[in-house]
Amino acid sequence: MGEKTYKVLGVTGAGSIAIGTVILVIGIVTGILSIVTGAVLLKQKSKIIF
């Protein structure tokens, strides 16, 4: 019984680390894209007509 619990905890821990890494990468990519998009908008500010 103890070995089964140990294996389940190991798999759960590895899954949590994997999901955390994916979320971290997605957050970094989203931030970079937001900065780049903002820079492009600021660069073309004079061409925007309302």
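This is a predicted model: local features need pLDDT of at least 70, side-chain atom pairs count only at pLDDT 80 or more; totals for chains, interfaces and linings use all residues.

Me: What secondary structure does the protein chain have?
Reply: The protein chain comes to one helix and zero strands. The helix, α1, covers residues 2-43.

Me: Why is the protein chain called more spread out than a compact globule?
Reply: The globule rule gives 10 Å for 50 residues, whereas the radius of gyration of the protein chain is 22 Å, well over that value, so the chain is more spread out than a compact globule. Along its principal axes, the C-alpha trace spans about 70 × 15 × 5 Å.

Me: What share of the residues is buried?
Reply: Buried residues make up 0% of the 50 residues. The accessible surface comes to about 4,800 Å², and 77% of that surface belongs to carbon and sulfur atoms.

Me: Which residues form a nonpolar patch on the surface?
Reply: The patch is formed by Leu24, Ile28, Ile32, Val36 and Val40, with about 450 Å² of accessible area together.

Me: How do you know that Val25 counts as partly exposed?
Reply: Val25, which lies in helix α1, has 45% relative accessibility; this value is between 20% and 50%, so Val25 counts as partly exposed.

Key:
Residues are numbered from 1 along each chain as its sequence is written. Side-chain values use heavy atoms; hydrogens and water are left out. Helices (H or I, at least four residues) and strands (E, at least two) are DSSP runs, numbered from the N terminus. The radius of gyration is taken over C-alpha atoms; the globule rule is 2.2 Å times the number of residues to the power 0.38. Buried means under 20% relative accessible area, exposed over 50%, partly exposed in between (1.4 Å probe, protein chains only). Accessible areas come from the Shrake-Rupley method with a 1.4 Å probe; for residues, only the protein chains shown count as cover. Patches are made of residues with over 30% relative accessible area and no salt bridge: like charges are joined within 9 Å, nonpolar side chains (Val, Leu, Ile, Met, Phe, Trp, Tyr) within 5 Å. A salt bridge is a side-chain nitrogen of Lys or Arg within 4 Å of a carboxyl oxygen of Asp or Glu.
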